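Welcome! Take a look at the structure first, and then read on.

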Amino acid sequence: MRQSTISVLLSTMILCVAQAFGQTAAAKAGNVENGKKLFVADGCYQCHGRQGQGGSSAPVGSYGPRLAPPRIPVEAVRIYVRHPSGGMPPYTARVLSDSEIDDIFAFLKSIPAPPAVKDIPLLNQ
Ligand code: HEC
């Protein structure tokens, strides 16, 4: 009797821990659709292009580099977005939460890399 109670308790604990890990993994993976929305809503697209391809639809001087697919890990993006260099404005946690940055990262990761120049026939004539 006592032993079965202990084993029920133990398996409940293991399930909880497993679930918590599962949730962390899901949160880390980010939500692509939400990231895509945030990329527009928070103005990232103005300097980095709608597909994170780089470029600018903002006034001259706001050119942002290509972001997709990301070259740096999500941890680095989180730090960078809060303390950017050059012409990028900082986004505090009040404007953009860490989990929203994760979603933007997931969106950028979902975008395929551009083809290499050697694979574009028109550029090889
Ligand atoms: C006003 C223009 C502007 C806006 C808006 C903007 N950025 Fe940037 N971003 C830049 C510029 C310019 C750089 C390059 C700065 C440098 O080279 O010092 C940059 C660099 C970055 C980098 C580093 C890229 C790398 O690989 O080194 C990341 C990541 C980034 N931006 C993400 C974002 C995200 C996410 C948003 C929206 C929440 C955003 N940016 C909004 C202009 C902008």
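## Around the ligand

To sort residues by kind, Ala, Val, Leu, Ile, Met, Phe, Trp, Tyr, Cys and Pro count as nonpolar, Asp, Glu, Lys and Arg as charged, and the others, Gly among them, as polar. By that scheme, the shell around the ligand holds eleven nonpolar residues, seven polar and one charged. There are 19 residues around the ligand, and those that come nearest are C44, C47, H48, R71 and M88 (a residue is near a molecule if one of its heavy atoms lies within 4 Å of it).

This is a predicted model, so local features need pLDDT of at least 70 and side-chain atom pairs count only at pLDDT 80 or more, while totals for chains, interfaces and linings use all residues. Residues are numbered from 1 along each chain as its sequence is written, and side-chain values use heavy atoms, with hydrogens and water left out.

## Polar contacts

Which side chains make polar contacts (pairs of N or O atoms within 3.5 Å) with the ligand? H48 has a side-chain N or O atom 2.8 Å from a nitrogen atom of the ligand. For R71, an N or O atom of the side chain is 2.5 Å from a ligand oxygen atom. S85 also takes part, with a polar side-chain atom 2.8 Å from an oxygen atom of the ligand.

Two elements each give two or more residues to the shell: α3 (44–48) and α4 (74–82). Helices here are DSSP runs (H or I, at least four residues), numbered from the N terminus. The largest share of the shell, three residues, comes from α3.

## The pocket

The ligand sits in the largest pocket, meaning that more than half of its atoms lie within 2 Å of the pocket's grid points. On a 1 Å grid over the protein atoms alone, a pocket is an open set of points where a 1.4 Å probe fits, with protein on both sides within 12 Å along at least five of seven lines; lining residues have an atom within 4 Å of a point.

The volume of this pocket is about 600 Å³, counted as the space filled by probe spheres set on the points. Of its 29 lining residues, H48, L67, Y80, V81 and M88 are closest to the centre. α3 gives the most to the lining, with four residues.

## A link between helices

The whole structure has three salt bridges (a side-chain nitrogen of Lys or Arg within 4 Å of a carboxyl oxygen of Asp or Glu). One of them joins the side chains of R78 and D102 (3.1 Å, N to O). Because R78 lies in helix α4 and D102 in helix α5, the pair ties together parts that are 24 residues apart in sequence.

Key
Polar contact = N/O pair within 3.5 Å; in protein donor to acceptor, adjacent residues only side chain to side chain.
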